[in-house]
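The report below goes through one chain, from the terms it relies on to its overall make-up, its packing and a few single residues. Please read it beside the sequence and the model.

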Amino acid sequence: MSQHVPPAPSAPPRSRVRRVLPLLIAAWLVLEIWLLTVVASATSWFAVILLLAGGAFLGGWLIKRAGMKAISAAIEQSRSPQSAQPQTGTSMTVLAGTLLILPGFLSDVLGLSLLFPPTRALWRSLGRRLAGRALRSTSPVGADRLADAVRLQEQLRIHRPDGKVIQGEVVDPATGPAKGPDTDYRPPIAG
């Protein structure tokens with residue numbers, strides 16, 4: 001006697017990024033290997049290895065420097081929490097260092113472009129534009145991970161003490177402030 005098995009729920013459709021990302025990574029790797037062989041045939045494999053080692057050393061030094069800068073900024077912020085701290089740019093520097101550590105010349109060029117102020121400003125504006133688009137996304141929660149992460153970051157930023165939210169109470173001018181505790185039912189806020 002056979003039993004009827006209900007069909008398994010269908011998985012949500014994969015986002016465009018999840019479909020294209022593996023192809024982009026494969027193309028990136030092929031391009032990096034091709035570029036390494038081109039540079040090695042023009043110079044020598046010893047020069048390529050020296051360049052890759054120099055990039056890894058520079059990347060490690062940049063990450064260490066960015067970490068020290070972030071720690072000193074955190075210590076200064078803990079001493080004077082109300083002072084406006086300038087942006088340290090550590091995230092861009094850490095990303096640049098990571099790209100320099102990765103073996104390959106294309107990643108090195110991309111990492112170096114994150115270090116120079118004119119190109120860093122271009123990358124920062126691109127990142128802000130992408131984050132703004134993800135923040136305005138109307139996709140349901142769980143469908144777009146980038147949108148979910150940006151929304152969560154925005155909620156965390158708003159709820160920090162230095163966020164732009166001003167705590168207070170709304171008072172209707174016609175009735176004046178409420179007398180006694182507020183016992184009215186309010187539905188929960190849904191984002």
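A residue is called buried when its relative accessible area is under 20%, exposed when that area is over 50%, and partly exposed in between. The model is a predicted one, and K69, which lies in helix α2, has a relative accessibility of 38%, so K69 counts as partly exposed. Between K69 and G89 there are 9.3 Å in space, C-alpha to C-alpha, although the two residues are 20 apart in sequence.

The chain as a whole contains six helices and zero strands, and its elements, taken from the N terminus on, follow the order α-α-α-α-α-α. Of the 191 residues in the chain, 17% are buried. When contacts between residues at least 6 apart in sequence are considered, 47% of them join residues at least 24 apart.

Two packed helices are described by the angle between their axes and the distance between the axes. For α1 and α2 the angle is about 125°, and the axes are 7 Å apart, which means that α1 is oblique to α2. On the side of α1 the contact is made by L36, T37, V39 and A40, and on the side of α2 by W45, V48 and L52; by class, this contact has six nonpolar residues, one polar residue and no charged ones.

The largest nonpolar core has five residues, namely L36, A40, V48, L52 and F105, and the elements that contribute two or more residues to this core are α1 (16–42) and α2 (45–79). With residues up to four places away in sequence not counted, F105 touches E32, L35, L36 and V39, and also V48, L51 and L52.

Helix α3 (residues 90–101) holds T93, and its twelve residues reach 16 Å from the first C-alpha to the last, close to the 16 Å expected at 1.5 Å a residue. The buried residues of α3 are T90, M92, T93, A96, G97, L99 and L100. At a relative accessibility of 9%, under the 20% limit, T93 counts as buried, and, with neighbours within four places in sequence left aside, T93 is in contact with L62, A66 and R120.

The table sets the two residues with a stated accessibility side by side.

| Residue | Relative accessibility | Class |
|---|---|---|
| T93 | 9% | buried |
| K69 | 38% | partly exposed |

Notes: Residues numbered from 1 in each chain as written. Predicted model: local features only at pLDDT ≥ 70, side-chain atom pairs only at ≥ 80, totals over all residues. Heavy atoms only, no water. Helix = DSSP H or I, 4+ residues; strand = E, 2+ residues; numbered from the N terminus. Buried < 20%, exposed > 50% of the residue type's maximum accessible area, 1.4 Å probe, protein only. Contact = heavy atoms within 4.5 Å. Core = buried A, V, L, I, M, F, W, Y, C linked by side-chain atoms within 4.5 Å. Expected span 1.5 Å × (residues − 1). Axes fitted to C-alpha atoms, helices over the stretch in contact; angles between N-to-C directions. Parallel < 35°, antiparallel > 145°, perpendicular 65-115°, else oblique. Nonpolar A, V, L, I, M, F, W, Y, C, P; charged D, E, K, R; others polar.
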